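Thanks for coming, everyone. I have one model to walk through today. Take a look at the screen.

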Amino acid sequence: MRKRTLFRLATGTAALGAATLAYASLVERNMFTLRRYDVPVLPADAEPLRVLHLSDLHMMPGQGRKQRWVASLAALDPDLVVVTGDNMAHPDAVPGVLRALQPLLDHPGGFVFGSNDYTGPVWKNPFTYFLPDREYTEGVELPHEELRDVLTGAGWVDLNNARTTVKAGGRAVELLGVDDPHIERDDYDSVAGPVSPAADLSIALTHSPEPAVLDRMAADGFGLLLAGHTHGGQVCVPGVGALVTNCGLPRSMARGLHRWPGSDSWLHVSAGLGTHPTAPVRFACPPEASVLTLIPR
């Protein structure tokens, strides 16, 4: 009787695990979700301004469903589009990224790159994400210069260690960005300095939300900080949330909108739209894009 009970328990556990894996890999990772947040960063009496935040597409050839869903976001008519990196996951990904973003290129936009815009992903044990000092391993080189040329040729601004002002929604929006701190390509010193008093709004971008970088952005007065990289934890525990962020950010801030500690700045971390190709699963953390409606303080 005891052996039969243990066998049934083991069989039930295995079946539950298989069902969970099937759901995470076949269903939830394709449940593209639009998040909406109101962010109080504008002066009194200012008209709202809509920012579409995209991140971590990790595009592979043939991912037509993802491409069509992202392209459909143009119907939101955002005032500004920002992309916080990791667009590619394959050397032939640029056409797919372009199919996704093409309808959005008619709007003002800016971007920074992530590590998986420069080099492709490699297989890794997912449990290594719990190791804070794990070694970063590069994969095959990706066509980031081709992607950069496409985006800048369409009028979007390259914010990898750069700073500029664009017109969006009838406002002067100051944009600052750093290249990916996760692979130590960031150079904040080259863009540092207080926000421009001539700007109506100041927004800062980074792929990996490393606290040291976010602290400097907030100290310079940027009211809205945008990042990706974490995938929101990708595999979360209901009621607990993310188990890991793959950076120095606390797990409680792995996705969504938060006040950045010790400042008046807001941080939005996108859980992203893709997955690492060697771990194509999501659980309790569906892929997402976000519309941030900026409103008066």
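A disulfide here is a pair of cysteine sulfur atoms within 2.5 Å. Cysteine 285, in turn, is in no disulfide, and its nearest cysteine sulfur is that of cysteine 236. The structure holds zero disulfides.

Some ground rules. This is a predicted model: local features need pLDDT of at least 70, side-chain atom pairs count only at pLDDT 80 or more, and totals for chains, interfaces and linings use all residues. Residues are numbered from 1 along each chain as its sequence is written, and side-chain values use heavy atoms, with hydrogens and water left out.

Back to the cysteines. Are they buried or exposed? Cysteine 236 is buried, at 5% relative accessible area. Cysteine 285 is buried too, at 0%. Buried means under 20% relative accessible area, exposed means over 50%, and partly exposed is in between, with a 1.4 Å probe and protein chains only.

Now the whole chain. It has 297 residues, and 49% of them are buried. The secondary structure comes to six helices and 14 strands. Those are DSSP runs, numbered from the N terminus: helices are H or I with at least four residues, strands are E with at least two. The accessible surface is about 13400 Å², and 56% of that belongs to carbon and sulfur atoms. Areas come from the Shrake-Rupley method with a 1.4 Å probe; for residues, only the protein chains shown count as cover.

Two strands pair if DSSP finds at least two bridges between them. Strand 1 runs parallel to strand 14 (residues 288–296), over nine bridges. Valine 39 has its bridge partner in strand 14, namely leucine 294.

There is a hairpin as well. Strand 6 (residues 162–168) and strand 7 (residues 171–177) are antiparallel, joined by seven bridges. Arginine 163 is bridged to leucine 176 in strand 7. Two residues sit between the strands, and glycine 169 in this hairpin takes a positive phi near 60 degrees.

Glutamine 67 lies in helix 2 (residues 64–72). Glutamine 67 is buried, with a relative accessible area of 7%. Not counting residues up to four places away in sequence, glutamine 67 touches Met59, Met60, Gly96, Arg99 and Ala100. Contact means heavy atoms within 4.5 Å.

Then proline 91. Look in the loop between strand 3 (80–84) and helix 3 (94–101). Proline 91 is partly exposed, at 36% relative accessibility. How far is proline 91 from glutamate 141 in sequence, and how far in space? They are 50 residues apart in sequence but 7.3 Å apart in space, C-alpha to C-alpha. Leaving aside neighbours within four places in sequence, proline 91 is in contact with Val140, Leu142 and Pro143.

Last stop, valine 237. Valine 237 is in strand 10 (residues 236–237). At 33% relative accessibility, valine 237 counts as partly exposed. That's my tour; questions, please.
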